[in-house]
Each structure stands twice: as structure tokens, then as C-alpha cells.
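Please read the following report alongside the sequence and the three-dimensional view. It is written for someone meeting this protein for the first time.

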Amino acid sequence: LGLVLLLLIALLRCCALFFGYHEEETYTSPAGTNTIVVKYDMLCRPDVFQKGLLWDKKIWGYPGSGFMETVHFGVEWLSETEILLTYEDIRHDEFNEAYRITLPAS
């Protein structure tokens with residue numbers, strides 16, 4: 001029974017990598033009133049979540065198809081409730097993206 005349970009846990013952890021997020025970054029607003037989490041899936045597509053007490057609330061999802069290499073988006077706080085999410089391609093050949101995201105009232 002113990003071996004079966006251990007194998008089941010290992011299988012669930014492997015599947016979670018393919019269906020969930022594999023990396024996340026947390027950012028707090030300048031005055032400390034809001035916190036967001038940028039989570040990346042296996043194709044480095046970012047989703048933005050507003051940090052909650054029990055769970056994070058998804059407020060924005062990347063509209064593109066993803067990337068073939070590991071990328072990270074920068075976060076700039078424009079105000080306590082608005083961010084600018086940017087990606088600048090270091091090769092400057094294809095992707096230069098910026099998204100203005102407003103956090104909903106808590």
C-alpha cells in the first residue's frame with residue numbers, strides 16, 4: 001500500500017508540471033498595498049495573479065502562443081493598482097511586447 005501511494009504521488013507531481021505552472025515571481029506595489037504573482041507555464045507564457053489570503057486570483061492571461069526558449073517579463077508599477085508587464089527580446093528580432101494591467105478592487 002505504501003509503495004502504491006508513493007508511486008501515485010510521484011505520478012501526480014509529474015503531471016502537475018505539464019498542466020500547472022513551473023515558475024513564479026512575486027511583486028509588491030511601492031506602498032505595499034497590493035501583491036501580484038507572475039506565473040509561467042511550460043511555454044513561458046505569463047499569467048498574472050492578484051495575491052489573496054487563501055488563494056491567488058487570476059487577473060490576466062498571456063494572449064500569445066508561447067516561446068521556444070525561457071523568457072521572463074518585467075513588472076513596473078505605474079500606480080498602486082496598475083502595472084506594466086513588458087518583454088523585450090534580447091535579439092530584437094521578433095518580440096517586443098508591453099501590456100498595461102489594472103488590478104481589480106480587493
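This is a predicted model: local features need pLDDT of at least 70, side-chain atom pairs count only at pLDDT 80 or more; totals for chains, interfaces and linings use all residues.

Residues are numbered from 1 along each chain as its sequence is written, and side-chain values use heavy atoms, with hydrogens and water left out.

**Overall layout**

The protein contains 1 helix and 7 strands, and from the N terminus on these elements follow the order α-β-β-β-β-β-β-β. Helices (H or I, at least four residues) and strands (E, at least two) are DSSP runs, numbered from the N terminus. Of the 106 residues, 31% count as buried, where buried means under 20% relative accessible area, exposed over 50% and partly exposed in between, with a 1.4 Å probe and protein chains only. Contact means heavy atoms within 4.5 Å, and among contacts between residues at least 6 apart in sequence, 34% join residues at least 24 apart. The accessible surface, calculated by the Shrake-Rupley method with a 1.4 Å probe, comes to about 7,300 Å², of which 61% belongs to carbon and sulfur atoms.

**The nonpolar core**

A nonpolar core is a set of buried Ala, Val, Leu, Ile, Met, Phe, Trp, Tyr and Cys residues joined through side-chain atoms within 4.5 Å. The largest such core has 18 residues, and those with the most contacts inside it are Ile36, Val48, Phe73, Ile83 and Leu85. Strands β2, β5 (74-79), β6 (82-88) and β7 each supply at least two residues of this core. Leaving aside residues up to four places away in sequence, Val48 touches a set of residues including Ile36, Ile83, Leu85, Trp60 and Ile101.

**Aromatic rings**

Rings of Phe, Tyr and Trp (its six-membered ring) pair if their centres lie within 6.5 Å, and planes under 30 degrees apart count as stacked, over 60 as edge-to-face and the rest as tilted. By this rule there are 9 aromatic pairs, and two of them are set out here.

| Pair | Centre to centre | Angle between planes | Arrangement |
|---|---|---|---|
| Tyr21 and Phe49 | 5.6 Å | 85 degrees | edge-to-face |
| Trp60 and Tyr62 | 6.4 Å | 70 degrees | edge-to-face |

Tyr21 is partly exposed at 35% relative accessibility, whereas Phe49 is buried at 8%. Lys39 lies over the face of Phe49, at 4.5 Å from the ring centre; for such a charge, NZ of Lys or CZ of Arg must be within 6 Å of the ring centre and within 35 degrees of the ring normal.

**Two individual residues**

Most residues other than glycine have a negative phi. Cys44, although not a glycine, has a positive phi of about 60 degrees; Cys44 lies in the loop between β2 (35-40) and β3 and counts as buried because its relative accessibility is 5%.

Pro104 lies in the segment after β7 (96-102) and is partly exposed, with a relative accessible area of 28%. Not counting residues up to four places away in sequence, Pro104 touches Gln50, Lys57 and Ile59. Pro104 and Thr81 are 23 residues apart in sequence, and their C-alpha atoms are 7.5 Å apart in space.
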